[in-house]
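This report goes through a few strands, a helix and a loop, one after another. Look at the sequence and the structure first, then read on.

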Amino acid sequence: MMIRMNLGEYSYDIEVERGILEKAGKLLNLNRRVLVVTDTGVPKKYSETLADQCKEAVICTLEEGEDSKSLECFRKLLQTMLDNSFSRKDCVVAVGGGVVGDLSGFAASAYMRGIDFYNIPTHFFRRLTRRSAERPR
């Protein structure tokens, strides 16, 4: 399912589909250096599946939880991009929940006055599935 966000010159599409992670290389421009940001609560296979589709991937794993929304973790992401010679042509991809998405998006917007950012949320679907399973019948 495709959801179009009509925001004038800032419009974009949101693709929602089962198994979409395996198709990320076809949907996103990953033919460049990619910082894949995830956390310890996300199965490792998710970030590895994405990294395998990138020309050059660097995986950065943060600790799970709100405590990772910190200047220390923000610095870690920026330092990782600097250490790996990221340019304005490269991108950041968040694979995880809200903390990962928020921090990664902020780091992408700050690095070299902004580089491309993609968000692949995972926790939302787990919570939705869990909540549906807990619903009384």
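This is a predicted model: local features need pLDDT of at least 70, side-chain atom pairs count only at pLDDT 80 or more; totals for chains, interfaces and linings use all residues.

Two strands count as paired if DSSP finds at least two bridges between them.

**Strand β3 and its partners**

Strand β3 covers residues 33-39, and six of its seven residues are buried, so the rest of the structure largely encloses this strand. Four bridges link β3 to strand β5 (residues 91-96). These two strands run parallel. V34 has C91 as its bridge partner in β5.

Strand β3 is also joined to strand β4 (residues 56-62), here by seven bridges, and again the strands run parallel. For V37, the bridge partner in β4 is C60. Between β3 and β4 the chain passes through helix α2 (residues 44-51), and this β-α-β crossover is right-handed.

In a regular strand, side chains alternate between the two faces of the sheet.

**Helix α2**

Which residues of α2 are buried? They are S47, L50 and A51. Viewed down the axis of α2, the buried residues fall within an arc of 100°, so they line one face of the helix. An α-helix has 3.6 residues a turn, so residues three or four places apart point the same way. The buried residues of α2 are covered by elements that include α1 (24-27), β3, β4, β5 and β6 (116-121).

Helix α4 spans residues 98-110 and contains F106. F106 has a relative accessibility of 47%, so it counts as partly exposed; the cut-offs are under 20% for buried and over 50% for exposed. F106 and F117 are eleven residues apart along the chain, and their C-alpha atoms are separated by 9.3 Å.

The loop between α4 and β6 holds M112. R113 lies in the loop between α4 and β6 as well. Most residues other than glycine have a negative phi. M112 is not a glycine, yet its phi is positive, and R113 likewise has a positive phi without being a glycine. The table lists their values.

| Residue | Phi | Relative accessibility | Class |
|---|---|---|---|
| M112 | near 50° | 39% | partly exposed |
| R113 | about 65° | 75% | exposed |

Is R113 buried or exposed? R113 is exposed, because its relative accessible area is 75%, and the cut-off for exposed is over 50%. M112, at 39%, is partly exposed.

How values were computed. Residues are numbered from 1 along each chain as its sequence is written. Side-chain values use heavy atoms; hydrogens and water are left out. Buried means under 20% relative accessible area, exposed over 50%, partly exposed in between (1.4 Å probe, protein chains only). A crossover is right-handed if, with the strands pointing away from the viewer, the path from the first strand over the helix to the second runs clockwise. The arc is that of the directions from the helix axis to the C-beta atoms. Contact means heavy atoms within 4.5 Å.
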